[in-house]
Amino acid sequence: MTEFMAALADPHLPFLRYAFMAGILASISFGIIGTLVVVRRISSIAGAIAHCVLGGIGAGLYLEQVVGIGWASPVQGAIVVALGAAVALTLIKHFGSQREDTVIGALWAVGMAVGLLFMARTPGYTDPMSYLFGNILLLSKSDVYLVLLLDLLVVSVVGLFYNKLLALCFDEEYAFLRGVPTGWYYFVLLCLTALTVVLLIRVVGVVMVIALLTLPAAIAGNVASGIKQMMFLAVLICMAFITVGLAASYRLDLPSGPVIIVLSGIVYLLVLGILQLFPIRSAQ
Amino acid sequence: MDQQSPVLSIKNLCFSYDGRAILEDVFLDIYHKDSVCIVGPNGGGKSTLVKLIIGLLSPAQGEIRVFGKPPQESRLRVGYVPQYANYDPLFPISVRDVVRMGRLGSSFLGHYSREDNRAALAALEEMGLAGHGSRRFSALSGGQRQRVLIARALASGGEILILDEPTANIDPHTEEHLFEILTELNKRLTIMLVTHDVGFASHFFKRVVCVNRRVVIHPTSALTGKLISEMYGSDLHLIRHDHHCALEGHSHD
């Protein structure tokens, strides 16, 4: 760990510092939105958004390098596609006649396919692996600012509309009957989920980001007595996974995304096992 | 409120789903402090009728008036109590937060005022759950969870209480307690209770509304074996014998 601390302070390893800062800051959004995603049971929707974001990344790269649009970038493409997916999934839930899970599956795969096609037509060496599984070498200072901005957005929206979002997750039908425009709140929740997913794609990649969104919240949900506590715990657990995962990957010279996700998975299984052996009374 | 004009009035209502008629020619008037049991076989249209009354569905034909207005405009005056078993047992939420949901109203941010908290606490007290506010909802017994949901409807200030299958999955003792509570609430509120179990059309109710595509209204005393078998056909397996019906027959007219 001391070695990792020294590496963080090393001026020759800025990407490690950025990855650490982006990870710690993104944990705030991940814990809060992850909790809502877990209790509202929309993990598969969040997964679909994460995967089809690759289409946006590919389009962003293509527009930037082939079409030569200076302001286009993979991150912008990712954000646009993520929000577009949130719009599509909201519309399908409320107006669609198709089975929702079929649409989720289609969005999932088609988004990725489009992304890979764009990358294939982008000259130079664009490694899809970096986006699929994360690559902290791609991080820069502007990513840290972006994470900070989105943290502010997530914290203020969830903070202001907490009771309504809670009602939406617990009992959407009843919330609607009390005059809450649940369709809009569902849309807001999906948009925040989409933006949150985009935050850490460079660290853990589109394929694995869903685990980092849901596992800390799932662990927290086993011990928390309320949603606020669950969010708070999920934030701390997410921070711990990212810190320990980055340190371990640096120490072992392994890619950081997979190390963070494997660590999350192991801790999740351990917690489940411990709870099986020593069930806690959650009656308080 | 004028005691004579109905709080809920349904005229000539039809509703179909995918071309299949679920409800036909429904006429129904419910009056202030009525206690009505809505019975019928599964798939007979009970839940559809309730969804129309609370404004989750709109009728294809006919008219529904709740307090003289369309259901969507009267939502805040109706207290709806869903089945407690519908809720995710893993959801970490306190009893207090569930009850306060009844006060969400239509304020933009949905923050609870002191008045909201007071109403929630009073409703919990009335349901005999005053000390349970900070407990986790899923840690309560089935009967307690049901009372929390009734408290939520009471906190919302609803004047009509609609309970969806409250008698499913609860033991006879809890059920008896439920009817004690409803008898007390019926002194000030109109109560409509949905069940597929005709045995619950007990002496508590003034009227029984039988729903099986068509709707027929009976005084409770008319609920006899003949009517029950007409409603359910030969599929009926469960008949309770511990409630009292008059022996006279009746006719659908």
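This note walks through a predicted model with chains A and B, point by point.

1. Ground rules. The model is predicted, so local features need pLDDT of at least 70 and side-chain atom pairs count only at pLDDT 80 or more, while totals for chains, interfaces and linings use all residues. Residues are numbered from 1 along each chain as its sequence is written, and chains are lettered from A and ligands numbered from 1 in the order in which they are written.

2. Chain B overall. Chain B has 7 helices and 9 strands. Helices (H or I, at least four residues) and strands (E, at least two) are DSSP runs, numbered from the N terminus. Of its 253 residues, 41% are buried. A residue is buried if 20 or more other C-beta atoms lie within 10 Å of its own, exposed if 12 or fewer, and partly exposed in between, with C-beta atoms placed from the backbone. Among chain B contacts with a separation of 6 or more, 70% join residues 24 or more positions apart. Two residues are in contact if their C-beta atoms, placed from the backbone, lie within 7 Å.

3. The interface. On chain B, 24 residues are in contact with 25 residues of chain A. The chain B side has 14 nonpolar, 6 polar and 4 charged residues. Here Ala, Val, Leu, Ile, Met, Phe, Trp, Tyr, Cys and Pro count as nonpolar, Asp, Glu, Lys and Arg as charged, and the others, Gly among them, as polar.

4. The core. The largest nonpolar core has 165 residues. Such a core is a set of buried Ala, Val, Leu, Ile, Met, Phe, Trp, Tyr and Cys residues joined through C-beta atoms within 7 Å. The residues with the most contacts inside this core are A:Ile49, A:Val53, A:Ala82, A:Val209, A:Leu212 and B:Ile162. Helix 11 (residues 201-223) of chain A gives the most to this core, with 16 residues. Leaving out residues up to four places away in sequence, B:Ile162 touches B:Val50, B:Ile53, B:Ile54, B:Val78, B:Tyr80, B:Val81 and B:Met192.

5. An enclosed helix in chain A. Is helix 8 of chain A largely enclosed or open, and why? In helix 8 (residues 162-170), 8 of the 9 residues are buried, so this helix is largely enclosed by the rest of the structure. The buried residues include A:Leu165, A:Leu166, A:Cys169 and A:Phe170, and also A:Lys164. Their cover includes helix 2 (14-40), helix 7 (141-160) and helix 12 (227-252) of chain A. Helix 3 (95-100) of chain B is also part of the cover.

6. Helices 3 and 10 of chain A. The axes of helix 3 (residues 43-67) and helix 10 come within 9 Å and cross at roughly 50°. Axes are lines fitted to C-alpha atoms, for helices over the stretch in contact, and angles run from 0 to 180 degrees between N-to-C directions. The two helices are therefore oblique to each other. Angles under 35 degrees count as roughly parallel, over 145 as roughly antiparallel, 65 to 115 as roughly perpendicular and the rest as oblique. Helix 3 of chain A brings A:Ile45, A:Ala46, A:Ile49, A:Ala50 and A:Val53, and helix 10 of chain A brings A:Leu190, A:Thr193, A:Ala194, A:Val197 and A:Val198. By class, that is 9 nonpolar, 1 polar and no charged.

7. Helices 4 and 5 of chain B. Helix 4 (residues 114-126) and helix 5 (residues 142-155) pack at about 135°, with axes 8 Å apart. This pair is oblique too. B:Ala119, B:Ala120, B:Ala123, B:Leu124 and B:Glu126 of helix 4 meet B:Ala151, B:Leu154 and B:Ala155 of helix 5. The contact has 7 nonpolar, no polar and 1 charged residues.

8. A buried glycine. A:Gly34 sits in helix 2 of chain A. A:Gly34 is buried, with 31 other C-beta atoms within 10 Å. A:Gly34 and A:Pro216 are 182 residues apart in sequence and 7.7 Å apart in space, C-alpha to C-alpha. Neighbours within four places aside, A:Gly34 is in contact with A:Leu213, A:Thr214, A:Pro216, A:Ala217 and A:Ala234.

9. Backbone points to check. Most residues other than glycine have a negative phi. A:Asp253 has a positive phi, near 55°. A:Asp253 lies in the loop between helix 12 and helix 13 (256-277) of chain A, and counts as exposed with 6 C-beta neighbours inside 10 Å. B:Lys33 has a positive phi of about 65°. B:Lys33 is in the loop between strand 2 (20-30) and strand 3 (35-39) of chain B, and is partly exposed, with 15 other C-beta atoms within 10 Å.
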